[in-house]
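Open the model in your viewer and keep the selection panel at hand. The tour goes stop by stop.

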Amino acid sequence: VASQAGEGGTCLPALYDDGGFSGGTMARPGLERLMADVERGLIDVVVVYKVDRLTRSLADFAKIVEQFDQRSVSFVSVTQAFNTTSSMGRLTLNVLLSFAQFEREVTGERIRDKIALSKQKGMWMGSVPPLGYDVRDHTLVVNEAEARVVRHIFRRYIELGSVHRLRDELEAQEVLSKRWTSKAGRTLGGRVISTRVLLDTLRNAHYRGVIVHRDQRYPGRHSAIVDEALFEAAETMLKSHVAKPRGCPAQLAECMLTGKLFDAEGRPMSPSFAYGKGGKAYSYYIALALKQGRRPAQGPVPRRINAPLLDRNLCERLRQLTGRHDLGAAELRPLIRRVELHERATDVVIAAERLTTDSPACLIHRLKQRLVAGEKATAEPDGAVRLGLPPVTCLRAGRPWTEDAKKPAAPPLNDGLVEALRSSHRELLELKSSPLTACRDLAEARPPETHHRRQLARLPFLAPDLQAIILEGREPAHINLRHLLKTELPLAWSDQRVLFGVPEPAQPARLRAA
């Protein structure tokens, strides 16, 4: 910077340093802050020690220089005389960047070749060793205490035939994953073994005494923990349990709140997908425990939330608050830092600097003019703005759900059962209205044509309170149309209530007195 003192510029107090990050990528915190300040017009000259300190990718450098030109920003390399405003300066700069990119690619190829050659010799070139092994001089050494756990996992999986049941059993026995301390002193592992870790363990070919490199397997220097017969049996069972493809689309649209949605306890909620008839895809945000195959405790926030509905409602409210109705989901995603689903509110943390060049206080003042009752806007310590919005109506188990406890959602109706009850009443009414049919001959006058219709003909003779329960959607979970049609309905109303599992209705006071 001192070399440019003759230009009369002033050094900004903030440095854009990316220590520990490779110059082959643009996903670096310092570079992202630099480009953001360039867009805001805060920078006139960018000074680097060498050109490869900015980037080592020719394609990335072309994008950076294009953005510099749009904002009239000059680029200076202290040890290399460059002037990006001239064609000759651009040519020289591109040549040097080509050599820098070539050097980075050659170095990567040499490292990959070295790793492949070492693995062909049976050496361990990974970082954290698998459960059952320790690492000494790039060689896996059997840890007998952990090896017994690995053999137990393989045997119990073959006996139980279910990874989920095995996971629950290991959790009850307090069996933990491998605990490992890195060279930097960071402790990893030592947690409850999840379903994903169990699947990786059962598929890990290192337990057979081989080293895996991509699709190739080489004899390893280490001893096998699991014999071939046991490993083959587990592998065959795993393949038999793989879900068959249903012809669903291979790619789905990315959910807007991926990595940014959290429940009331601060636990992340990840996107998940399910497929219906015809390959139709449904996306949800589900709790972390549910994603890992565990059953989480029910909290104030549902464990599964309809993703498109939540994204759409949140986008619409943000457009109304910011006054930017032209912003789509792709433009709103970088604006959102974090979304927290609480029992009485939905907190949305937005990056103020991405929305406006004004201070957060000015932004909050403008937002408060558009807030409605129950909403609020506060400033965060890092300059972001936290919006307290009402709870968003989502889907829970396929039905509408809202956090407002004062207005509980009406229970859903069993459409098939309700329609069958109505249809059977219509037929009975038509039969009774016929002047040619005597009351004593109703059962024989016009018998239903099919067995299914004969089964439906019994529904109008349910107890009135049971029919009211069906029409209001309050029937027990085990009561459905299939269950009623396959069950011999008793004639006595009291016996029918026992079948439904509901208590006898209270008798009127005058009857009790009598």
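**Stop one: a hairpin**

Select Ala 377 and find Leu 387 of strand 16 opposite. Strands here are DSSP E runs of at least two residues, helices are H or I runs of at least four, and both are numbered from the N terminus. Pairing requires at least two DSSP bridges between two strands. The two strands form a hairpin with 5 residues between them, and Gly 383 in the turn has a positive phi of about 90°.

This is a predicted model: local features need pLDDT of at least 70, side-chain atom pairs count only at pLDDT 80 or more, and totals for chains, interfaces and linings use all residues. Residues are numbered from 1 along each chain as its sequence is written, and side-chain values use heavy atoms, leaving out hydrogens and water.

**Stop two: positive phi**

Most residues other than glycine have a negative phi. Now select Ser 72, in the loop between helix 2 (58–70) and strand 2. Its phi is positive, near 60°. Ser 72 counts as exposed because its relative accessibility is 61% (exposed is over 50%, buried under 20%, partly exposed in between; 1.4 Å probe, protein chains only).

Go on to Glu 174, in the loop between helix 5 (163–172) and strand 5 (180–181). Glu 174 is not a glycine, yet has a positive phi of about 60°. At 67% relative accessibility, Glu 174 is exposed too.

**Stop three: a loop valine**

Finish at Val 78, in the loop between strand 2 (74–77) and helix 3 (87–120). Val 78 has 40% relative accessibility, so it counts as partly exposed.
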